[in-house]
Structure formats: structure tokens, C-alpha cells
Amino acid sequence: MNLQEELLRILYGENLYVTAAVVFLGTLALLWLKSCWDMRNAVPLDVSAACGDITPEELAKFDGRDPFKPIYFSVQGRVFDVTAGRDFYGPDGGYAIFAGKEVARALAVMSLKAEDCTADLAGVTPKQLDTLGEWVAKFEKKYKVVGKVVEPKRLTLEELACYNGTETGKPIYLAIRGVVFDVTSGKDFYGPEGIYPFAGHECARAFALLSTDTADCHNNLEGLGAMERDNLRDWEAKFRYKYPIVGSVVPAKA
Ligand SMILES: *[C@@H]1O[C@H](CO)[C@@H](O)[C@H](O)[C@H]1NC(C)=O
């Protein structure tokens with residue numbers, strides 16, 4: 001018999017095992033009560049947020065398939081947060097096709113076809129324009145306008161370098177395989193005080209090699225091994241999820 005057991009025996013006499021069982025069951029009961037309490041005090045899944053300027057590619061991410069992101073669509077470039085209408089616009093809704101898209105034409109001609117999800121109103125009749133106006137009035141009553149759709153930026157590497165985080169108030173960008181991400185919300189990592197020297201750079205190779213050497217900040221993927229390609233894919237997926245895409249890298253002007 002070890003000391004601990006002996007002490008318990010002295011304290012609780014022959015009822016040691018009964019006591020142990022009571023303590024065990026009591027702990028379970030407490031855990032159960034705590035989980036009930038947690039559930040009652042759960043934070044509702046409030047994902048609504050302003051998006052500001054947003055590219056069509058970025059808008060497409062807000063199609064309701066990710067429960068942690070709001071649902072958006074745009075009408076003539078004005079972005080509505082329709083998360084509260086998840087029953088209509090969520091993945092199982094009758095209007096799911098609208099989520100993450102520009103829908104002006106579809107509303108005007110009352111279509112649920114993907115090809116009508118565009119801002120192009122060519123050939124739309126005055127009556128159909130009225131229909132569109134009625135929809136917009138309805139949306140304005142029910143939902144918030146949270147941003148506007150903008151053209152994707154086209155930056156040369158030289159222009160990208162100016163988004164390096166040194167100028168306060170200017171966003172911080174980096175590129176992975178030519179796709180430009182706004183990483184301003186990750187300032188602690190990518191800003192001047194951050195541990196990653198990637199701001200303003202194309203970083204594909206650096207991410208593949210898990211390197212923080214700016215000499216590896218370029219888009220040449222020659223000779224990468226399978227694991228390195230996986231690294232790059234993982235980082236890219238993470239960035240696509242976490243940071244807005246604002247445009248792409250274009251060749252320097254001749
Ligand atoms: C960083 O960006 C600023 C402008 O925001 C620019 O003046 C400066 O040259 C950039 N630094 C480098 C190393 O590119």
C-alpha cells in the first residue's frame with residue numbers, strides 16, 4: 001500500500017472506493033453542468049462585416065458555403081450583406097445561385113441562371129429595369145450595403161514593392177504565384193515589426209522552401225521537391241482563406 005492510499009484510507013476508512021466513485025460521478029456532473037452553461041451562453045455566429053472594396057474573385061468566396069463568412073451578392077457593384085437571408089441565399093436556399101455573384105441582370109429578367117448573374121443590362125426592357133429597381137428597394141430596406149465591387153489591381157513587381165508596410169495607412173500586399181493578397185490584417189507577421197520579410201514581394205518559392213530569406217522571394221519553382229510543393233499549396237490555400245485577393249502581378253511595362 002503506498003502512502004497516498006494509506007492517507008486516503010485513514011481519511012475515508014473502508015469507504016475509499018465508494019468515495020472515489022462519488023468524486024468521479026460528481027466531476028462528471030459538474031462537467032455536464034458546465035457544458036449546459038456554456039451552451040446557454042454560446043456566442044451567436046455573427047459573421048456580418050463590411051468588406052469595403054472587393055474584387056469579383058473575392059466576392060465569390062462569400063457564397064455561403066463557409067458558415068464563418070457572411071453571404072454577399074452585388075447589384076450593379078453595390079455589395080449587400082444578405083447573411084440574414086441565409087434561408088434564401090445559403091447553399092440550400094432557392095436563390096443560392098446569387099450568393100457571391102453580381103446579380104443585376106438576373107434580378108431584372110427574373111432568372112436563376114448563372115449566365116444571367118452579371119451587371120450587363122444590355123437588351124433589358126424598361127419594365128425589367130423597374131423590376132430591378134423594386135428588388136433593389138427591397139434589399140435596401142432589408143440588408144446593409146457593405147462595400148463595392150472594384151476591378152482587380154494589376155501591379156508590376158516594382159509597384160508591388162511599394163506595399164511593403166513602411167508607409168502607415170497604406171495596405172500591405174504580397175503575392176503568391178502572381179496572385180496579390182492584402183495581408184494588412186496580418187500586420188503583426190508581415191508588417192515592419194513582423195517576423196516575415198515578405199511584404200511587397202512575390203513569395204512563392206520562399207513559402208515552398210519555408211524560407212525567410214528575401215533572396216527566395218520570387219516565382220521560380222524549378223527543382224522543388226514534393227514536400228516543398230505541398231508547403232506552397234498549403235500556404236496558398238491558407239492565404240486564399242484568410243486574406244483578400246486584390247489583383248495580380250503583371251509583367252513590367254516595356
Ligand atoms: C517601401 O514602400 C515605400 C512606399 O510605400 C517606398 O518608398 C520604398 O521604396 C519601399 N521600399 C522598398 C525596399 O521597396
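Which residues of β2 are buried on one side, and which on the other? Y72 and S74 are buried on one side of β2, and F73 and V75 on the other, so that both faces of the strand are covered. Buried here means under 20% relative accessible area, exposed means over 50%, and partly exposed lies in between (1.4 Å probe, protein chains only).

This structure is a predicted model, in which local features need pLDDT of at least 70 and side-chain atom pairs count only at pLDDT 80 or more, while totals for chains, interfaces and linings use all residues. Residues are numbered from 1 along each chain as its sequence is written, and side-chain values use heavy atoms, with hydrogens and water left out.

**Domains and annotation**

- The protein is divided into domain 1 (3-40), domain 2 (52-149) and domain 3 (153-249); these bounds come from an automatic or database domain assignment.
- The C-alpha centres of domain 2 and domain 3 lie 31 Å apart.
- Seven residues from domain 2 and six residues from domain 3 take part in the contact, where contact means heavy atoms within 4.5 Å.
- An unreviewed UniProt entry places the feature "domain: Cytochrome b5 heme-binding" at residues 54-150 and 155-250. UniProt positions are given in the numbering used here, feature names are shortened, and annotations may be inferred rather than shown by experiment.
- Residues 54-150 are 31% helix and 15% strand, with end C-alpha atoms 6 Å apart.
- Residues 155-250 are 32% helix and 15% strand, and here the end C-alpha atoms are 6 Å apart.
- Helices (H or I, at least four residues) and strands (E, at least two) are DSSP runs, numbered from the N terminus.

**The sheet containing β1 to β4**

- Four strands form an open sheet in the order β1-β4-β3-β2, with mixed pairing. Two strands pair if DSSP finds at least two bridges between them.
- The edge strands of this sheet are β1 (52-54) and β2 (72-75), each of which pairs on one side only.
- Neighbouring strands of this sheet are turned by 40° against each other on average, direction ignored. Axes are lines fitted to C-alpha atoms, for helices over the stretch in contact, and angles run from 0 to 180 degrees between N-to-C directions.
- β2 and β3 (residues 78-81) run antiparallel and are joined by four bridges.
- Across this pairing, F73 stands opposite F80 in β3, and Y72 stands opposite D81 in β3.
- β2 and β3 form a hairpin with two residues between them.

**The sheet containing β5 to β8**

- A further open sheet of four strands has the order β5-β8-β7-β6, with mixed pairing.
- Because β5 and β6 stand at the edges with a single partner strand each, one side of each is left without a neighbour in the sheet.
- From one strand to the next, the twist averages 35°.
- Three bridges join β7 to β8 (residues 245-249), and the two strands run antiparallel. In this pairing, V179 stands opposite S248 in β8.
- Helix α10 packs on the sheet and touches β6, β7 and β8; its direction makes about 135° with that of β6.

**Nonpolar cores**

- A nonpolar core is a set of buried Ala, Val, Leu, Ile, Met, Phe, Trp, Tyr and Cys residues joined through side-chain atoms within 4.5 Å.
- The largest nonpolar core has 21 residues, of which L174, F207 and F239 touch the most other members.
- At least two residues of this core are supplied by each of β6 (173-176), β7 (179-182), α9 (204-209) and α10 (226-242). The largest share, four residues, comes from α9.
- F239 touches L174, I176, F181, V183, Y190 and F207, not counting residues up to four places away in sequence.
- Apart from this core lies another, of 19 residues, among them F73, V82, L132 and V136.

**Individual loop residues**

- Most residues other than glycine have a negative phi, and most peptide bonds are trans.
- Q76 has a positive phi of about 50° although it is not a glycine. Q76 lies in the loop between β2 and β3 and counts as partly exposed, at 48% relative accessibility.
- L210 also has a positive phi of about 50° without being a glycine. L210 lies in the loop between α9 and α10 and is exposed, with a relative accessible area of 56%.
- T156 lies in the loop between β5 (153-155) and α7 (157-160) and is buried, with a relative accessible area of 8%.
- T156 touches V250, P251, A252 and K253, not counting residues up to four places away in sequence.
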